[in-house]
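User: Hello! I am new to reading structures, and I would like to go through one feature after another with you.

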Amino acid sequence: DDEERVRRLQTMAAYLNEKVKYISKFFDIYANANAVHELLHESGLFDDVFHKRCQIVLLWLGIVASDANIAFDLKKDLLTAMADYRLPQTLCHLGVIRLTPEGEELLRNEITDREFERDMRSAAIEICSRIAFATGMSSADVDTILWNLSQDLIASGAMSVPAMRVVTRSY
């Protein structure tokens with residue numbers, strides 16, 4: 001997967017070099033998330049129906065801008081959870097998502113299934129949305145909490161559910 005990721009980064013770098021002539025002026029030209037979303041979408045590298053990578057880039061740019069005291073209009077409450085494969089894994093581990101015997105078999109046998117993948121990602125987005133609504137947080141913040149929990153569970157060897165296999169490298 002490393003070669004594919006490097007290729008995508010090189011392609012994105014070339015695209016940005018063409019579109020954004022002066023990187024120091026990036027936030028002057030792209031002062032809001034909508035403009036950046038259009039820029040990213042036009043690249044053709046963000047083809048995931050759930051917009052995971054695109055949303056992550058927007059969040060990262062928001063952090064960069066905030067750390068540099070640069071204005072960047074990002075309405076985090078308009079973002080969904082990132083629908084990463086680790087979120088459904090963590091939600092299954094916590095018992096929030098309960099799988100059918102068929103779903104358990106797909107995970108246990110590391111079988112790739114587009115419909116199962118889409119259903120799991122959709123469930124994670126819906127659950128994060130409900131948690132966000134109940135807590136007054138954004139879905140993006142709930143996503144971050146669950147992502148960090150997944151990393152802690154994996155690092156400690158406590159994760160009880162395998163991650164789902166995914167069909168695409170688009171996210």
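User: How many aromatic pairs does a search of the whole structure find?

Analyst: Welcome! Before we count, note that this is a predicted model, where local features need pLDDT of at least 70 and side-chain atom pairs count only at pLDDT 80 or more, while totals for chains, interfaces and linings use all residues. Residues are numbered from 1 along each chain as its sequence is written, and side-chain values use heavy atoms, with hydrogens and water left out. Rings of Phe, Tyr and Trp (its six-membered ring) pair if their centres lie within 6.5 Å; planes under 30 degrees apart are stacked, over 60 edge-to-face, and the rest tilted. Here the search gives three aromatic pairs. In one of them, the planes of phenylalanine 26 and phenylalanine 27 stand at 90° with the ring centres 5.3 Å apart, so this pair is edge-to-face. Phenylalanine 26 also forms a tilted pair with tyrosine 30, with 5.2 Å from centre to centre and 35° between the planes. One aromatic cluster is made of Phe26, Phe27, Tyr30 and Phe72.

User: Are phenylalanine 26, phenylalanine 27 and tyrosine 30 buried or exposed?

Analyst: Buried means under 20% relative accessible area, exposed means over 50%, and partly exposed is in between (1.4 Å probe, protein chains only). Phenylalanine 26 is buried at 11%, phenylalanine 27 is buried at 13%, and tyrosine 30 is buried at 12%.

User: How many disulfides are there?

Analyst: A disulfide is a covalent bond between the sulfur atoms of two cysteines. The rule used here asks for a pair of cysteine sulfur atoms within 2.5 Å, and the count comes to zero.

User: Where does aspartate 48 lie, and which side chain makes a polar contact with its side chain?

Analyst: Helices (H or I, at least four residues) and strands (E, at least two) are DSSP runs, numbered from the N terminus. Aspartate 48 sits in the loop between α3 (33-43) and α4 (52-67), and is buried at 7% relative accessibility. A polar contact is a pair of N or O atoms within 3.5 Å; within protein, one must be able to donate a hydrogen and the other to accept it, and residues adjacent in sequence count only if both atoms are side-chain atoms. The side chain of aspartate 48 makes such a contact with the side chain of arginine 121, at 2.7 Å. A polar atom of the aspartate 48 side chain also lies 3.2 Å from the backbone nitrogen of lysine 52.

User: In which helix is isoleucine 127, and how many residues apart in sequence are isoleucine 127 and histidine 93?

Analyst: Isoleucine 127 belongs to helix α7 (residues 114-135), where it is buried at 16% relative accessibility. Isoleucine 127 and histidine 93 are 34 residues apart in sequence, and their C-alpha atoms are 14 Å apart in space.
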